[in-house]
Amino acid sequence: MRRSLIDTVDLTVEELDKMIATACDIADHPDKYAHACDGKILATLFFEPSTRTRLSFEAAMLSLGGNVISVSSAGASSAAKGESVADTAKTVSCYADIIAMRHPLEGAALVAAQAASIPVINAGDGGHCHPTQTLADLYTIYREKGRLNDLTVGFCGDLKYGRTVHSLINALSRYTGIKVVLISPEELRLPEYMFAEVLDKKGMSYRETTDLVAAMPELDILYMTRVQRERFADQEQYQRLKDSYILTPDKLETAKADLAILHPLPRVNEISVAIDDDPRACYFKQVLGGKLMRMALILKLLDDAKNNVPATFGMGVPTPGKTCRNGRCICQVEQELPQLFVQTDAENDVWRCYWCETQAE
């Protein structure tokens with residue numbers, strides 16, 4: 001199996017720092033990289049709606065001199081006929097040099113990476129992971145602050161379903177001096193496993209609050225998120241919570257002059273357009289940062305493939321008595337895919353699904 005990117009933690013801190021340095025160099029010297037991928041083909045397989053991520057990957061490859069082949073919806077592919085993710089990955093491996101895939105089922109990218117003979121980049125698998133958005137976030141924070149340590153980061157909005165929040169907290173947990181402020185309604189607070197397996201386990205400093213304005217003065221970074229309609233089974237709950245936090249200019253009166261406001265986009269109404277011209281608004285800088293970091297990632301994974309660097313993800317094991325009950329997990333629908341598990345907390349006998357990381361029952 002080729003080296004792929006399923007989760008940001010697949011990359012070491014040293015690799016992350018090197019990729020950020022590469023992205024900065026691309027930003028400063030784009031002509032230097034204009035033919036770096038001549039003759040290479042990226043396949044973008046998007047089985048879930050996307051604007052920024054898909055176009056960002058395609059723009060990244062084209063800016064490196066490569067070519068792109070694309071599937072932009074499940075209905076436009078053999079998935080509509082029932083083809084498995086594994087078979088799709090094997091097939092596309094015959095046409096391309098690298099795959100970027102978004103899929104509504106959690107764990108789909110991992111299945112694809114195990115089946116493909118070329119590198120696979122997870123461009124979002126349901127509510128599980130979105131590692132390249134995290135790369136864009138890290139790059140933007142670094143460009144704005146000049147560092148990835150000794151920062152107070154506020155996460156506001158949907159912290160329960162927000163895969164970008166989970167991924168970024170995980171990534172920042174590997175840097176020093178990070179303080180996290182979690183701002184959300186009770187119904188959308190960060191899942192318990194993030195406390196047990198990341199924040200508490202790694203000794204990160206954090207606190208929870210429902211008051212964005214009160215938290216504002218201490219923040220170096222404010223990471224706003226939308227309340228995601230597509231992640232709610234209960235639409236009445238969505239309607240009740242969707243306007244929980246709306247960032248307006250008056251809420252920034254006590255903010256630091258060098259606060260950086262981030263948002264993974266798309267924005268609905270959680271950031272007023274009146275803030276767009278504020279020099280602290282960095283969410284469109286994130287978009288450019290996403291393209292630059294995806295360029296750096298494509299270069300890295302193609303170089304790793306050239307040098308036969310193996311995949312870094314481990315393997316799960318069958319565990320009698322354990323079951324994944326996540327209806328959005330790839331193991332529930334993929335042909336003959338076994339339920340496998342990884343023990344994440346031996347003391348409390350906690351096992352998680354190998355594919356989607358949902359705690360086993």
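Leaving aside residues up to four places away in sequence, Gln133 touches Thr164, Tyr223, Pro264, Gln286 and Arg294, where contact means heavy atoms within 4.5 Å. This is a predicted model, in which local features need pLDDT of at least 70 and side-chain atom pairs count only at pLDDT 80 or more, while totals for chains, interfaces and linings use all residues. Residues are numbered from 1 along each chain as its sequence is written, and side-chain values use heavy atoms, with hydrogens and water left out.

Gln133 has its place in helix H5; helices (H or I, at least four residues) and strands (E, at least two) are DSSP runs numbered from the N terminus. With 8% relative accessibility, Gln133 counts as buried, a word that means under 20% relative accessible area with a 1.4 Å probe and protein chains only.

Helix H5 (residues 131-145) lies across strand E5 (151-156), strand E8 (221-224) and E9, and runs at about 170° to E9. Axes here are lines fitted to C-alpha atoms, for helices over the stretch in contact, and angles run from 0 to 180 degrees between N-to-C directions.

Now for the sheet: 5 strands form an open one, in the order E7-E6-E5-E8-E9, with parallel pairing. Strand E7 (205-209) and strand E9 (260-262) stand at the edges with a single partner strand each, so one side of each has no neighbour in the sheet. From one strand to the next, the twist averages 15°. Two strands pair if DSSP finds at least two bridges between them; strand E6 (residues 178-183) is joined to E7 by 5 bridges, and Leu182 stands opposite Glu208 in E7.

Helix H4 (residues 108-115) is largely enclosed by the rest of the structure, because 7 of its 8 residues are buried. Those buried residues pack against helix H3 (85-92), strand E3 (98-103) and strand E4 (120-125).

Of its 43 lining residues, Asp7, His128, Tyr193, Cys356 and Glu357 are the closest to its centre. Helix H7 (192-199) is among the elements that each supply at least two lining residues, and H7 gives the most, with 4 residues. The lining divides as follows.

| Class | Lining of the largest pocket |
|---|---|
| Nonpolar (Ala, Val, Leu, Ile, Met, Phe, Trp, Tyr, Cys, Pro) | 18 residues |
| Polar (the others, Gly among them) | 10 residues |

On a 1 Å grid over the protein atoms alone, a pocket is an open set of points where a 1.4 Å probe fits, with protein on both sides within 12 Å along at least five of seven lines, and lining residues have an atom within 4 Å of a point.

How values were computed
Buried < 20%, exposed > 50% of the residue type's maximum accessible area, 1.4 Å probe, protein only.
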